[in-house]
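User: I am new to this structure and would like a close look at a single part of it, followed by whatever connects to that part. Please take it slowly.

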Amino acid sequence: MVEILPAILAHDEAEFMKKVERVRALGAMLHIDVMDGIFVKNTTWAPPDRLRLLLEGVPFEAHLMVSNPEHAAPIWLACGAARVIFHVEATTKESLICRATAEECENLAIAMNPDTPVSRITHLLDSFKQVMVMGVTPGWSGQPFQDIALEKIAMLKSLRPSIRIMVDGGVKTENAARIAAAGADVLIAGSALTEHPDPAEAIVSLRHAVNGTNFGV
Ligand code: DX5
Ligand code: ZN
């Protein structure tokens with residue numbers, strides 16, 4: 001079954017909590033967007049120690065759009081992130097991340113931007129079992145999905161059928177079925193949920209689009 005996770009991209013604590021309150025009842029793990037203003041031009045409000053308190057009882061993952069994620073990844077895991085996603089374009093120390101987080105290596109995923117070819121990560125597929133294919137160039141919510149992601153998903157799945165593929169950016173009810181059909185296991189949706197007048201109805205439509213059954217929330 002394809003999972004749908006709500007993305008939270010916020011600039012201050014008030015916006016963060018407003019978005020969390022809109023989607024927390026959906027019963028899905030939250031995808032927290034973390035931006036440093038260096039790896040991407042935008043910045044987000046997401047201090048891991050504060051989030052640990054605010055999100056008590058709510059599972060969350062951290063999408064690190066930051067330079068040198070080898071420093072931040074272990075902190076997020078220590079602060080309760082169920083999964084940490086780092087960008088292959090942001091570091092040359094992918095194996096260090098795996099070593100630094102030791103047994104939690106299973107909880108790490110590699111993200112790749114639309115311009116980054118699959119060949120950039122093939123040598124990492126023995127260590128990392130989860131890959132996040134970006135549907136947009138990271139930085140902002142609400143951008144259109146880039147179809148290059150579909151080719152990359154299919155390529156990754158044919159290289160490693162057991163790989164878990166997440167897709168982030170530009171996911172909407174209209175394209176979710178195509179993305180799932182290409183081989184995605186997890187779809188991350190920001191504006192399609194947090195900006196929808198009824199997020200519960202929106203997640204049902206997304207789940208229906210990818211799984212073909214009318215799943216409740
Ligand atoms: C993009 C972020 C995404 C984004 C998704 O930089 O990593 O998680 O918040 O938002 P939508 O679904 O609106 O593209
Ligand atoms: Zn994200």
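Which residues coordinate the zinc ion (ligand 2), and at what distances?

Analyst: This is a predicted model, in which local features need pLDDT of at least 70 and side-chain atom pairs count only at pLDDT 80 or more, while totals for chains, interfaces and linings use all residues. Residues are numbered from 1 along each chain as its sequence is written, chains are lettered from A and ligands numbered from 1 in the order in which they are written, and side-chain values use heavy atoms, with hydrogens and water left out.

The zinc ion (ligand 2) is held at 2.1 to 2.2 Å by His31 through NE2, Asp33 through OD, His63 through ND1 and Asp168 through OD. Donors here are N, O and S atoms within 2.8 Å of the metal (3.2 Å for Na, K and Ca), and since water is not among the atoms, sites may look incomplete. Around this zinc ion the 6 donor atoms subtend angles of 71 to 175 degrees, and the arrangement is therefore octahedral; six donors count as octahedral if opposite donors are over 155 degrees apart and all others between 65 and 115. For comparison, the ideal angles for six octahedral donors are 90 or 180 degrees.

Along the chain, the donors of the zinc ion follow the spacing H-x1-D-x29-H-x104-D. Within this set, Asp33 in strand E2 (residues 30-35) and His63 in strand E3 (residues 60-65) are 30 residues apart, a pair that links distant parts of the chain; helices (H or I, at least four residues) and strands (E, at least two) are DSSP runs, numbered from the N terminus. Both Asp33 and His63 are buried, where buried means under 20% relative accessible area, exposed over 50% and partly exposed in between, with a 1.4 Å probe and protein chains only.

Asn68 counts as partly exposed because its relative accessibility is 39%, and its phi is near 50 degrees, a positive value in a residue other than glycine. Most residues other than glycine have a negative phi. Helix H3 (residues 69-78) contains Glu70, which counts as buried because its relative accessibility is 7%. The side chain of Glu70 makes a polar contact of 2.8 Å with the side chain of Thr91; such a contact is a pair of N or O atoms within 3.5 Å, and within protein one must be able to donate a hydrogen and the other to accept it, residues adjacent in sequence counting only if both atoms are side-chain atoms.

In strand E8 (residues 186-189) one finds Leu187, which is buried because its relative accessible area is 0%. Leaving aside neighbours within four places in sequence, the residues in contact with Leu187 (heavy atoms within 4.5 Å) include Val167, Ala176, Ile179 and Val210.

Conventions: Tetrahedral: all angles 85-135°; square planar, octahedral: opposite > 155°, others 65-115°.
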